[in-house]
Amino acid sequence: MTPQEWFDSRGWQPFDFQREVWAHLAAGRSGLLHATTGAGKTYAVWMGALQRRVARPAAPLQVLWITPMRALAADTTRALNLPLADVAPGWRVGQRSGDTPAAERARQDRRLPEALVTTPESLSLLLTREQAAQELGGVHTVIVDEWHELMGNKRGVQVQLALARLARWNPGLVVWGLSATLGNLEEAQQVLTGGRDAVLVQGRIDKTLVIDTLLPLEPGRFSWGGHLGAQMQQPVIAEIESSPSTLVFTNTRSQAETWYQLLIQERPEWAGLVALHHGSLDKDVREWVELGLKDGRLKAVVATSSLDLGVDFLPVERVLQIGSPKGIARLLQRAGRSGHAPGRPSRVTIVPTNTLELVEAAAARRAARAGRIEKRATPEKPLDVLVQHLVSVALGGGFTADALYDEVRTAWAYRALSRAEFDWALAFVERGGASLGAYPEYHRVRLVDGVYRVPDRGIAKRHRLQVGTIVGDGTMQVKYLSGSRLGAMEESFIARLRPGDCFVFAGKVLEFVRTQEMTAYVKKATKSRGIVPSWAGGKMPLSTELADAVLELLASAAQADWIRDIEDPEMRAAQPMLSTQARLSRLPTPKTLLIERYRSREGHHLYLYPFAGRNVHLGLASLLAWRLAKDSPNTFSMSVNDHGFELLSAEAVDMAALLDRRAFDTGELLADVLASLNSSELAQRRFREIARVSGLVFTGYPGAPKTTRQLQASSGLFYDVFRKYDAGNLLLSQAEGEVLSQELDIRRLAATLRHMSAQRVEFVELKVPSPFSLPLMVERFREKLSNEKLADRLARIIRDATAEADHDTRP
């Protein structure tokens, strides 16, 4: 049965873009398919791949489907199996990821299926098999799902290297990527296909997308992070009640745990109908939630990005986004979880947690309508991933240096890799580089009869156990005393608990009992409240595209009589706060840089509002503090958010360098940034990840993982040894480069400084804190004050500021 006949048998009509993809695949062309979520991308590429099937090859595996998340693998496998009986009788779709049962793995080891749904990590593991060339050499088509999720990180680089290996075994390999949210499509296509000739197919179908906002009754004239959270509890409950099935997205796991508690506390009868889903929960819990959503048994699920991607939840009608989405692509991705089928409308409702997020919500809708979606950039030649790949390929049949160098350079991330850099990486895995030559465990590959192989079985076993590029803080299993599992928590959080302490996890209030063998044992708490854990890497920075849209709206709000002409209901709701900001200070715009100064009993406060996201603001605050203190010694403390930053100093700051914009110079930017930060500490922290990916440190055997402290000590030792005895070690350079590019976003920081230099400075002496400066104050207060003291302090500040705003007579 042809794809068209199968569609006809189900009463479906293929879209034009689906037919176009079928034709390209039949002609052996690679490409990227960019189409709306729920438009039918899966069957566009899958039917095309089935047309390319070969009858009974020596190696049965013909199609690889790469998914970024294990949760997607099961759902994708079910979708791919649906047409097989009619279109490709005799074919089998298998699934291979960290969740695959041992029995199924053993079955695949005897004979791989014709098609395999897998993850980047599991594909890399397949490359380490001795017979990898024979088992994978028959693969003629690879589909990379959710390419936007992989392209911008090291997992995507893993995929690029794996594709280069597969293309060497089968030069006719066809590769297709799928995405719904990419701003730089041509670059994304090049990265996926290594710059080879490929096509770009855009699936344009009529699909209604509604982006609206749940407006608070009392937005207020002053607001700060989380200020509106409690006020939005009842409106969120009302929205959930009005829909058969709702997904409630949060930006962090802490926020997900908090909102689940808010819902259950108010509606205890929803226990069992409302569920929680995030990456730290046990696999069985997550699978139960996913099936409950698919079957329509759950009324609502509070989730993080763990449910962002392609899982098909047809019963879901509504999506709520708690807080600003911080990015256009993320908002569109989450909106697509509702109405996930061609022709069905998708709707996402933003739930602001502070008043300025009303402006972000209106800006996000405008940017989405204009198609201003964020771009992704691939990491440039990460040597830790290359080092890991060299050992993997040496295990998977071996390699010769010249051939592998040529192969690796066909991966887009390594297109500029020099032979000297490749030879350094090869020497590092062969002899441990300049400083580890005396240690046999770092002689991981050896030249045997002209081919590099891994001769030691212990090294081979350790390498296979930690293939991959996902590196996080060490985790500990969380179990009840009875032995049932709840999930995994970061070891650093568990280490701070004492027996009897209560914390919130997996939607429950738990009492910590003891730690034993890297497991935290708990019991149900008798208390109704506990600490909400804060996971590492929690807060997402505001994207450039959304920040620009916010500033454009603020520029409109800076005009006289703006409220008369504004169409956005969110801006009308934010009007009291924006008008108060304009009265007490000014509103930032794309052409103006607002700088506020305020004197309090704490010292001298400077507030700047570049609207560049918290990561850039952290770098900017450190940089400006360092530059301002060079000529006039001073001590600064800092506070940052997505909109701006605060510099609090004991002594008054000479404003000349800021007012004439000399402080924003980019001439010595790199040196000044490194000097302004504790760069060695940042680089050492980044080096822990690099040491793990490159195989310098071993995380432990199953059931006996090493603690975070052990791993930190090991990586720290390597870092110190390399700095003293192997200063030319390229992994050290990589660590410094990643600090600049990833943690500080040096490119965006430089662009922000250039933009600030071109802006007109608006300098305001504040008599009282402004609505924009107050959230930065609160960020700092929260680190020092209890909730009660913070509430009292805020009440006084707001009372004084309100009185000043009411008496201000400026036009």
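This is a predicted model: local features need pLDDT of at least 70, side-chain atom pairs count only at pLDDT 80 or more; totals for chains, interfaces and linings use all residues.

Residues are numbered from 1 along each chain as its sequence is written, and side-chain values use heavy atoms, with hydrogens and water left out.

**Stop 1: the cavity**

How do you find empty space inside a structure? Rolling a probe the size of a water molecule over the atoms shows where empty space is left. Here a cavity is a set of points, on a 1 Å grid over the protein atoms alone, where a 1.4 Å probe fits but cannot get out. Those points are joined across faces, edges and corners, and the volume is the space filled by probe spheres set on them.

By that test, there is one cavity of 30 Å³ or more, and the largest cavity holds about 80 Å³ of space. Select S124, L127, Q158, L161, A162, V385, Q388, H389, S392 and V467, and you'll have its lining (residues with an atom within 4 Å of a point). Now colour α7 (120-127), α10 (154-169) and α17 (383-395), the elements that give two or more residues to this lining. Helices like these (H or I, at least four residues) and strands (E, at least two) are DSSP runs, numbered from the N terminus.

Which element gives the most to the lining? That's α17, with four residues.

**Stop 2: salt bridges**

A salt bridge here is a side-chain nitrogen of Lys or Arg within 4 Å of a carboxyl oxygen of Asp or Glu. How many does the structure hold? There are 48.

Select D75 and K294 to see one, with the closest N and O atoms 2.6 Å apart. D75 sits in helix α4 (residues 70-81) and K294 in helix α14 (residues 283-295), so this pair ties together parts that are 219 residues apart in sequence. D75 is buried, at 9% relative accessible area, while K294 is partly exposed at 25%. The cut-offs for those words: buried is under 20% relative accessible area, exposed is over 50%, and partly exposed is in between (1.4 Å probe, protein chains only).

Next, select E602 and R793, whose closest N and O atoms are 3.5 Å apart. This pair links distant parts of the chain, 191 residues apart: E602 is in the loop between β21 (592-600) and β22 (603-608), and R793 is in helix α33 (residues 787-807). E602 is partly exposed at 29%, whereas R793 is buried at 16%.

Now pick K154, D384, R686, E689 and E738 together, which salt bridges with shared partners join into one network.

**Stop 3: E738**

Stay with E738 and zoom in on helix α30 (residues 730-743), where it is found. Is E738 buried or exposed? It's buried, with a relative accessible area of 5%. Its side chain makes a 2.7 Å polar contact with that of Q734. A polar contact is a pair of N or O atoms within 3.5 Å; within protein, one must be able to donate a hydrogen and the other to accept it, and residues adjacent in sequence count only if both atoms are side-chain atoms.

Leaving out residues up to four places away in sequence, E738 touches K154, R686, E689, I690 and E743, where contact means heavy atoms within 4.5 Å.

**Stop 4: two loops**

Jump to T355, in the loop between β13 (346-351) and α16 (356-369). T355 is buried, with 0% relative accessible area, and its side chain reaches the backbone oxygen of P219 at 2.7 Å.

Then find D456, in the loop between β15 (451-453) and α20 (457-465). D456 is partly exposed at 36%, and its side chain reaches the backbone nitrogen of G458 at 2.8 Å.

**Last stop: A758**

Finish at A758 in helix α31 (residues 746-758), which is exposed at 66%.

Key
On a 1 Å grid over the protein atoms alone, a cavity is a set of points where a 1.4 Å probe fits but cannot get out, and a pocket is an open set with protein on both sides within 12 Å along at least five of seven lines; lining residues have an atom within 4 Å of a point.
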